[in-house]
Amino acid sequence: MSSIGTGYDLSVTTFSPDGRVFQIEYANKAIDNSGTVVGIKCKDGVVLGVEKLIPSKMLLEGSNRRIHAVHKHAGMAVAGLAADGRQIVGRARSEASQYLSFYGEDIPIKELCDRVAHYVHLCTLYWWLRPFGSAAILGGYDRDGPQLYMIEPSGVAYRYFGAAVGKGRQAAKTAIEKLKLLEMTCREGIIAVAKIIYEVHDEAKDKAFELELSWVCDESNKQHQRVPADLLEEAKVAAKAAKDALDEDEGMDAD
Amino acid sequence: MEPMAGEWTSAAHSMGTTIMAVEYNGGVILGADSRTTTGVYVANRASDKITQLTDNVYLCRSGSAADTQVVSDYVRYFLNQHTIQLGREATVKTAATLVKELAYQNKSFLQAGMIVAGWDKYDGGSVYAVPLGGTLLRLPFATGGSGSSYLYGFLDQAWRPQMSKDEAERFVVKSIALAIARDGASGGVVRTVTVNEHGVERNFFAGDKLPLFHEEIPPGRNSLLA
């Protein structure tokens, strides 16, 4: 899949002879190199989780958040270039706020996703703009129930039961496929997401990471919020235990 | 002798009007008189002041006929697009918010007192008043137009929540008839529109169907025609 597009990759307004836009593919590489972001839709809500890699011990815990509130009933987790992700979240927030102002109701999640995707796509149409180097996983709860969407740098957006981007996405997707999402509640989902993130974290290549978890479900009154501290701790403990058990099984611990 | 071209030939069309809408147990009933005037001349004695915005939301118009027609045309257009994009019918709240937005942002140009009422599956029957200036207020019942001034006392006394459909319709017809009796700028027939989960029903009450109040001569007996 990795090929260089010599000559056809200098501008996002150039197609290659085989119909690819290389600049967008390169934008995806930026995301592939960032920490894993996972989202799952359980039967009563959506859970978002981020493997936030910590490049330096000098960073304050809890800073550089990767999960953002977009509106009362929706939140976004971003992967890839952090500054690009901030722009996307900003746009989502203003779309949601303007919709409420104009129509008197909270924006349906599908509509919000379409608006953000439209904006991201817009930035792939002009030579004087570069594509966003981030993907956003949008989780929300509206009149049609809980929904999970992912918007990619190309401007394409799909609705998912489970989605993952970033370094550990392959392993994460495999793990998500094993989950019985239709029967799972968000309480159980939090533990599952935490376990997946700990599992895909590569201790050899990346040093420390912080787990960020958020949910929007019946239990949170259909509002998007960070997972309460006690549940977060519970999830971390369970995930660490599962990871240690896995390491022992695989004999990765040098004894 | 009056000049050939009186003031009425150039005066703007105004709907003196009495309009109202009430929530009942299961939906809403909108009601209005049918008199449109240019000055003192009755330009249309059978006008329809209850306009459709969507399948499930209707609008009562009072004030400048032109202004309210334009506002309702814009809102119908916006709601049509919104419904297509949303994939389901628009709510009464959304329709009312759009009417409010136009009324408020253009307050210095418009003379439009409107009532938005309809039924949707989330809030059931709802009535929203959008008077001059562009306030948005959800109420169990609302009135507007020049004739509404004569109704406040009656409504305070007679209105009850959760009326049945027939009770509510009789209530609306009686109110408008009372206003017509006292307000020169309201008259003609009484039109009603009932909106509920089953759909929409239009009704029409002409002179002989309207209740009479003391000292009024019953229609049909005219001393000039023996």
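## Basis of the model

In this predicted model, local features need pLDDT of at least 70 and side-chain atom pairs count only at pLDDT 80 or more, whereas totals for chains, interfaces and linings use all residues. Residues are numbered from 1 along each chain as its sequence is written, chains are lettered from A and ligands numbered from 1 in the order in which they are written, and side-chain values use heavy atoms, with hydrogens and water left out.

Strand 12 (residues 190-196) of chain B pairs with strand 13 of chain B in the antiparallel sense, over 7 bridges; two strands count as paired if DSSP finds at least two bridges between them. Within strand 13 of chain B, Val200(B) is the residue that stands opposite Val195(B).

Strand 6 (residues 145-151) of chain A is mostly covered, with 7 of its 7 residues buried (buried means under 20% relative accessible area, exposed over 50%, and partly exposed in between, with a 1.4 Å probe and protein chains only). Strand 5 (residues 134-142) of chain A pairs with strand 6 of chain A in the antiparallel sense over 7 bridges, and a hairpin of 2 residues joins these strands. Gly140(A) stands opposite Gln147(A), which belongs to strand 6 of chain A.

Strand 6 of chain A also runs antiparallel to strand 7 (residues 157-159) of chain A, to which 3 bridges join it, and Ala157(A) in strand 7 is the bridge partner of Ile151(A). The hairpin of strands 6 and 7 of chain A has 5 residues between the strands, and Gly155(A) there takes a positive phi near 100 degrees.

## Salt bridges

A salt bridge is a side-chain nitrogen of Lys or Arg within 4 Å of a carboxyl oxygen of Asp or Glu, and by this rule there are 23 salt bridges over all chains. One of them joins the side chains of Glu210(A) and Lys52(A) (3.5 Å, N to O). Glu210(A) lies in strand 9 (residues 208-217) of chain A and Lys52(A) in strand 2 (residues 45-54) of chain A, so the pair ties together parts that are 158 residues apart in sequence. Glu210(A) is buried at 12% relative accessibility, as is Lys52(A) at 5%, and both belong to a network of salt bridges that also includes Glu212(A) and Arg226(A).

Glu95(A) and Arg91(A) meet at 3.2 Å, N to O, and both lie in helix 2 (residues 82-103) of chain A, 4 residues apart, about one turn of the helix; Glu95(A) is buried at 9% relative accessible area, whereas Arg91(A) is partly exposed at 32%. In chain B, the closest N and O atoms of Arg76(B) and Asp73(B) are 3.1 Å apart, and these residues are 3 apart in helix 1 (residues 65-86) of chain B.
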